[in-house]
Amino acid sequence: LLPIIIAPEFREQGGPVEQKVKTLYRRFAEAMETVIDAGGADGTFASHGPTREMAAVLVALSDGMLLEWVRRGEDLDGAAFVATARHFLLAAMKRPDA
C-alpha cells in the first residue's frame, strides 16, 4: 500500500524514493507482461491489446483492489474478494474457446 500512497507525492522529484517506486512498479508490470505473453503463447489468453497496456491495467486493478481493501476491509471477506477478482480477470482474459 505504501507505494500507492507515496508515488504521487514523489513524482517528478528525481530522488531515490521516486526511483525505488518506479523500479517496484516496473518490476511488477514486467512480471505481468511475462504472464500475459506466456498465456498468449500457449493459447490460454486472448489478445485484447498490446501487452504493455494490458499489464498496466492489471497493475491499476491491483492498486485499486488494495485501496478498496483499506476502505472496506472490515466489511469484505478477503478470500471471496480475491476469488471474485481472479474470476473476473481470468474470464476477461481467456480465449472464448479455452
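This is a predicted model: local features need pLDDT of at least 70, side-chain atom pairs count only at pLDDT 80 or more; totals for chains, interfaces and linings use all residues.
Colleague: How many helices and strands does the secondary structure come to?

Modeller: Helices (H or I, at least four residues) and strands (E, at least two) are DSSP runs, numbered from the N terminus. Here you get four helices and zero strands, which reads as α-α-α-α along the sequence. The C-alpha trace spans about 45 × 35 × 15 Å along its principal axes.

Colleague: And what share of the residues is buried?

Modeller: Buried means under 20% relative accessible area, exposed means over 50%, and partly exposed is in between, using a 1.4 Å probe and protein chains only. On that scale, buried residues make up 20% of the 98 in the protein.

Colleague: Which residues make up the largest nonpolar core?

Modeller: The general idea is a set of buried Ala, Val, Leu, Ile, Met, Phe, Trp, Tyr and Cys residues joined through side-chain atoms within 4.5 Å. In this protein the largest such core has six residues: Ile-36, Phe-45, Met-54, Ala-55, Leu-58 and Met-93. Helix 3 gives the most to it, with three residues.

Colleague: Take one core member, then. What does Ala-55 touch?

Modeller: Contact means heavy atoms within 4.5 Å. Leaving out residues up to four places away in sequence, Ala-55 touches Ala-29, Met-32, Glu-33 and Ile-36. For the whole protein, take contacts between residues at least 6 apart in sequence: 50% of them join residues at least 24 apart.

Colleague: How should I read an aromatic pair?

Modeller: A pair of aromatic rings is described by the distance of the centres and the angle of the planes. Rings of Phe, Tyr and Trp (its six-membered ring) pair if their centres lie within 6.5 Å; planes under 30 degrees apart are stacked, over 60 edge-to-face, and the rest tilted. The structure holds one such pair. Trp-69 and Phe-81 are stacked, at 6.2 Å centre to centre with 20° between the planes.

Colleague: Which parts does that pair tie together?

Modeller: Trp-69 sits in helix 3 (residues 51-72) and Phe-81 in helix 4 (residues 78-93), so the pair links parts that are twelve residues apart in sequence. Trp-69 itself is partly exposed, at 36% relative accessibility.

Colleague: Which residues line the largest pocket?

Modeller: On a 1 Å grid over the protein atoms alone, a pocket is an open set of points where a 1.4 Å probe fits, with protein on both sides within 12 Å along at least five of seven lines; lining residues have an atom within 4 Å of a point. The lining includes Trp-69 and Phe-81, along with Leu-58, Met-65, Val-82 and Arg-86. Helix 3 and helix 4 are the elements that give two or more residues to that lining.

Colleague: With which side chain does Thr-51 make a polar contact?

Modeller: A polar contact is a pair of N or O atoms within 3.5 Å; within protein, one must be able to donate a hydrogen and the other to accept it, and residues adjacent in sequence count only if both atoms are side-chain atoms. The Thr-51 side chain makes one with the side chain of Asp-37, at 2.8 Å. Thr-51 lies in helix 3 and is partly exposed at 23%. Beyond four places in sequence, Thr-51 touches Glu-33, Ile-36 and Asp-37.

Colleague: And Arg-52, buried or exposed?

Modeller: Arg-52, also found in helix 3, counts as exposed at 60% relative accessibility.

Note on methods: Residues are numbered from 1 along each chain as its sequence is written. Side-chain values use heavy atoms; hydrogens and water are left out.
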